[in-house]
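Me: I would like to learn how to read features in a model like this one. Can we go through some of them in turn?

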Amino acid sequence: MSTPTPAVSARALLLLAGLAVFSAGCPAPLTVEPTSTSPECAGLVPSSSARMIDDRYDIPAANTCRGGTSEGTGYVALVDTNVEGLDTRFNWHSRTPAGSPVATSGGINRFPLVPQPVGYQAITSFLEPGPSDATVLDGFRPDLGPGPFTGLSDYGDVERRWTLAQDPLGGSATLYRRVLPTGNHPFTVALRRFDAAALPRGPAVQVTSGVIGDRPAWMVVGVSTTGPALAIWEWRAHAVARWVAADGTLLTGEFYDELVPTVPTHLELVPLLDGSLVLQRDGAWVARFTPGSTAVDPAPAWLAARPNHTLRLVHARGGYALLPFEGAAATPCRQTVEVHAPSGALCASVQLYQGPSACTTRDVEVGWDGTLVLQRANETCTGATCTCSHRWWSGLLR
């Protein structure tokens, strides 16, 4: 008696065809190439067997797909944005570690979403103040449910500007510029620290103030792995800096005084594992700062040689990941993430492959738990709907 041959579904045929392509030499979506046998690289080379998850969701054509990140328990948050008047609404989509949709949460100018050991933190504010609008530091659960929030300003400020940085030990630091509604409208710039639960560690600390005509056009803040925070702001086209201890004590007076004639479009103060902070401005690594010191040194040579990359601490603060900026033309469609030892030595190259065709690359990020989140370059629109595509590898750089 013969056994009937089962029918093969169209989906199975597509899967078999895809496997045939890979077996014919097409690169895998992720490959890891160790680059050093040095003892300092032990434990830093990720495994290419990390679980990969693909995610797609539809948005209105007026929205814009963005990147994503993860918090310490493995939940992933993906983002798209839309313009609302002078403001931007950020729409975050929560996923479980296994990739199941959980919830969507939105907020005006709620960006960046800063990962924490559990959940996230973000600043929510309106660009144009109204009688009931204030700027706050929000905490969020892993599923993007609301947590504690603390006001950063009084209602009725004439102007607002803010920046937010992750504390590598958990929590965050905010740097907030107010233009007061009274008198001749003087400005103040204050730094405030928050713990991992989004609760204030203490009161705001004023780092500078002045007349409205000298208000900073830009600011940036960063937190050292040893605790102190560094505030840098613009004053009359010059960069000015000041160190503040974790308890709010002013560790230095104002220093730095570098001429920066144009307003940067990208600023970040990134912690290094030795406790120092390195400043990235418009893709270039421009200076290094030591906690409590007014010395300004060049960025480490290995980092200065890699502009247009984001630096993140990975492997429980045992090493670094260098992530390429988005917007590069690539043929084939591929991005490279580098893993470095504390000395800066290159330990591994992680290749993210999306296909043989040309593309313009998109965002790559590493979250608190080491999950690597890639915004796919093949987003599409049909009529009034667009599709956001993301791929991530859970705990790859844990």
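Me: Does C333 count as buried or exposed, and at what relative accessibility?

Reply: The model is a predicted one. Buried means under 20% relative accessible area. C333 has 6% relative accessibility, so C333 counts as buried.

Me: Which residue forms a disulfide with C333, and how far apart are their sulfur atoms?

Reply: A disulfide is read from a pair of cysteine sulfur atoms within 2.5 Å. C333 pairs with C359, and their sulfur atoms are 2.1 Å apart. The link of C333 and C359 is right-handed, with 85° about the S-S bond. C333 lies in strand β26 (residues 333-340) and C359 in strand β28 (residues 359-360), so this pair ties together parts that are 26 residues apart in sequence. C359 is at 13% relative accessibility and therefore counts as buried.

Me: How many disulfides does the structure hold?

Reply: There are 4 disulfides in the structure. To read the pairing, number the bonded cysteines of the protein chain in sequence order; the pattern is then 1-4, 2-8, 3-5, 6-7.

Me: Which residue does a disulfide join to C65?

Reply: C65 is joined to C388, with an S to S distance of 2.0 Å. C65 lies in strand β3 (residues 64-70) and C388 in strand β32 (residues 385-393), so the pair ties together parts that are 323 residues apart in sequence. Handedness is read from the torsion about the S-S bond: for C65 and C388 this is about -90°, so the disulfide is left-handed. Both C65 and C388 are buried.

Me: Is the disulfide of C381 and C386 left-handed or right-handed?

Reply: The torsion about the S-S bond of C381 and C386 is about 95°, so this disulfide is right-handed. The sulfur atoms of C381 and C386 are 1.9 Å apart.

Me: Is C381 buried or exposed, and what about C386?

Reply: Exposed means over 50% relative accessible area. C381 is exposed, because its relative accessible area is 53%. C386 is buried, because its relative accessible area is 5%.

Me: What should I look for in the backbone, and where is a peptide bond cis?

Reply: Look at omega for the peptide bond. The bond from T331 to P332 is cis, with omega near 0°. P332 sits in the loop between β25 (329-330) and β26.

Me: Phi is another backbone angle to read. What is the phi of Y256, and of D257?

Reply: Y256 is not a glycine, yet its phi is positive, about 100°. D257, also a residue other than glycine, has a positive phi near 55°. Y256 is found in strand β18 (residues 255-259), and D257 is found in strand β18 as well. Y256 is buried, because its relative accessible area is 16%. D257 is at 55% relative accessibility, so D257 counts as exposed.

Me: Where is V102 found, and which residues does V102 touch?

Reply: V102 belongs to strand β6 (residues 101-108). Contacts are read between heavy atoms within 4.5 Å. Not counting residues up to four places away in sequence, V102 touches Y75, S94, R95, T96 and D143. V102 is partly exposed, because its relative accessible area is 39%.

Me: How far apart are V102 and A77 in sequence and in space?

Reply: Sequence separation and distance in space are read separately. V102 and A77 are 25 residues apart in sequence, and their C-alpha to C-alpha distance is 9.8 Å.

Conventions: Residues are numbered from 1 along each chain as its sequence is written. This is a predicted model: local features need pLDDT of at least 70, side-chain atom pairs count only at pLDDT 80 or more; totals for chains, interfaces and linings use all residues. Side-chain values use heavy atoms; hydrogens and water are left out. Helices (H or I, at least four residues) and strands (E, at least two) are DSSP runs, numbered from the N terminus. Buried means under 20% relative accessible area, exposed over 50%, partly exposed in between (1.4 Å probe, protein chains only).
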